[in-house]
Amino acid sequence: MDKPTQVPANGFYYHYKHNQAGEINNYAYEVIGLGLHTEERNYTVLYRPLYKNTFLAPANYCARPYDMFIGTVEKDGKIIPRFQKILDPDIIGKLRIIKEGMYDN
């Protein structure tokens, strides 16, 4: 088992499907940490959506294989990150408010 070379920092991320013309929280996620599957010995990124969905219930978090999370995809002929960390303080502030309305912590 190889240790991850770049651990995604906790915080807010947009998935490559995020539509900038849409709601600020569409395809927005909060990364809460890196997990290790204790039997299969592989790493997963733990995160939760910041938009209403039905696919998650009754789970509290999503998990995606580490390699897939940090990987790239092709969109409109360009190679881009699957998930991109959000750095804009105004967007982060708005997503924090949305998160507080959705989750206890």
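1. Strand β3 is mostly covered: six of its seven residues are buried. This is a predicted model, so every point below concerns computed coordinates.

2. β3 has a partner strand in β2. The two run antiparallel and are joined by seven bridges.

3. The β2 and β3 hairpin has six residues between its strands. Within this hairpin, Arg41 takes a positive phi near 60°.

4. β3 also pairs with β4. These strands run antiparallel too, with four bridges between them. Here Thr44 stands opposite Pro65 of β4.

5. The structure holds eight aromatic pairs. One of them joins Tyr29 and Tyr47, edge-to-face, at 5.2 Å centre to centre and with 85° between the planes. Tyr29 belongs to strand β2 (residues 28–36) and Tyr47 to strand β3 (residues 43–49), so this pair ties together parts that are 18 residues apart in sequence. Both tyrosines, Tyr29 and Tyr47, are buried.

6. Tyr29 has another ring partner, Tyr51. That pair is edge-to-face as well, with centres 5.6 Å apart and planes at 80°. Tyr51 sits in the loop between β3 and β4 (62–65), while Tyr29 is in strand β2, so the contact ties together parts 22 residues apart in sequence. Tyr51 is buried, as is Tyr29.

7. Ring pairs link Tyr13, Tyr27, Tyr29, Tyr47, Tyr51, Phe69 and Phe83 into a cluster. When viewing the model, display these side chains together.

8. A charged side chain also meets a ring. Arg48 lies over the face of Tyr103, 4.3 Å from the ring centre.

9. What lines the largest pocket? The pocket holds about 230 Å³ of space. Its lining counts 14 residues, and the closest to the centre are Tyr14, His15, His18, Gln20 and Gln84. The elements giving two or more residues to that lining are β1 (11–15), β6 (78–81) and β7 (83–85).

10. How do the lining residues of the largest pocket divide into nonpolar, polar and charged? Seven are nonpolar, four are polar and three are charged.

Note on methods:
Residues are numbered from 1 along each chain as its sequence is written. This is a predicted model: local features need pLDDT of at least 70, side-chain atom pairs count only at pLDDT 80 or more; totals for chains, interfaces and linings use all residues. Side-chain values use heavy atoms; hydrogens and water are left out. Rings of Phe, Tyr and Trp (its six-membered ring) pair if their centres lie within 6.5 Å; planes under 30 degrees apart count as stacked, over 60 as edge-to-face and the rest as tilted. Buried means under 20% relative accessible area, exposed over 50%, partly exposed in between (1.4 Å probe, protein chains only). A charge sits over a ring if NZ of Lys or CZ of Arg is within 6 Å of the ring centre and within 35 degrees of the ring normal. On a 1 Å grid over the protein atoms alone, a cavity is a set of points where a 1.4 Å probe fits but cannot get out, and a pocket is an open set with protein on both sides within 12 Å along at least five of seven lines; lining residues have an atom within 4 Å of a point. Grid points are joined across faces, edges and corners, and a volume is the space filled by probe spheres set on the points. Ala, Val, Leu, Ile, Met, Phe, Trp, Tyr, Cys and Pro count as nonpolar, Asp, Glu, Lys and Arg as charged, and the others, Gly among them, as polar. Two strands pair if DSSP finds at least two bridges between them.
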